[in-house]
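Colleague: Please show the model, and let us then discuss its features in turn.

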Amino acid sequence: YTYFLAASDPSDPAQSGNVQLKGNTLPQAPAWSVTAGLEKAWSTPIGKLTARVQTKAQAKSNFSFYNYADTEQKAYMTGDFYLTLASDSDTWKVTGFIRNFTDKLVFRDMEESQYTGAYGYGFFPPRTFGARFEYKW
């Protein structure tokens with residue numbers, strides 16, 4: 001922000017009136033974010049086999065325009081892997097997956113309750129794996 005006059009944080013009893021937040025970063029706006037993926041498919045006698053790996057890396061970001069340290073997501077990198085076998089007629093598909101294979105703790109949101117003074121945190125899922133079957137009729 002180049003100029004941002006805001007009400008003081010209601011959860012901070014030491015502050016009152018307005019505060020100038022000039023120089024703070026926007027909420028959920030990292031300086032950079034990169035997503036990349038690589039996919040390769042092979043023909044097999046029973047259908048198409050496709051492997052995909054994807055990753056996301058992101059600089060630190062804040063969840064509050066006050067930019068408190070306890071509402072900051074540190075820089076992180078996560079990745080996913082998928083292996084899919086699909087019939088040539090595309091009537092069925094089986095996919096195995098591992099999501100967040102780096103098992104990084106990544107916050108989805110953070111906020112302080114002005115009524116209780118406690119913080120609420122939301123997280124993206126940890127490392128998860130499983131399989132999915134699809135059938136079209």
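Colleague: Which residues lie nearest the centre of the largest pocket?

Modeller: This is a predicted model, in which local features need pLDDT of at least 70 and side-chain atom pairs count only at pLDDT 80 or more, while totals for chains, interfaces and linings use all residues. Residues are numbered from 1 along each chain as its sequence is written, and side-chain values use heavy atoms, with hydrogens and water left out. A pocket is an open set of points on a 1 Å grid over the protein atoms alone where a 1.4 Å probe fits, with protein on both sides within 12 Å along at least five of seven lines; lining residues have an atom within 4 Å of a point. Of the 23 residues lining the largest pocket, those nearest its centre are Lys56, Tyr76, Thr78, Val106 and Phe124.

Colleague: Is glutamate 72 buried or exposed?

Modeller: Glutamate 72 forms a salt bridge (a side-chain nitrogen of Lys or Arg within 4 Å of a carboxyl oxygen of Asp or Glu) with lysine 60, the closest N and O atoms being 3.4 Å apart. Lysine 60 has 49% relative accessibility and therefore counts as partly exposed, where buried means under 20% relative accessible area, exposed over 50% and partly exposed in between (1.4 Å probe, protein chains only). With a relative accessible area of 16%, glutamate 72 is buried.
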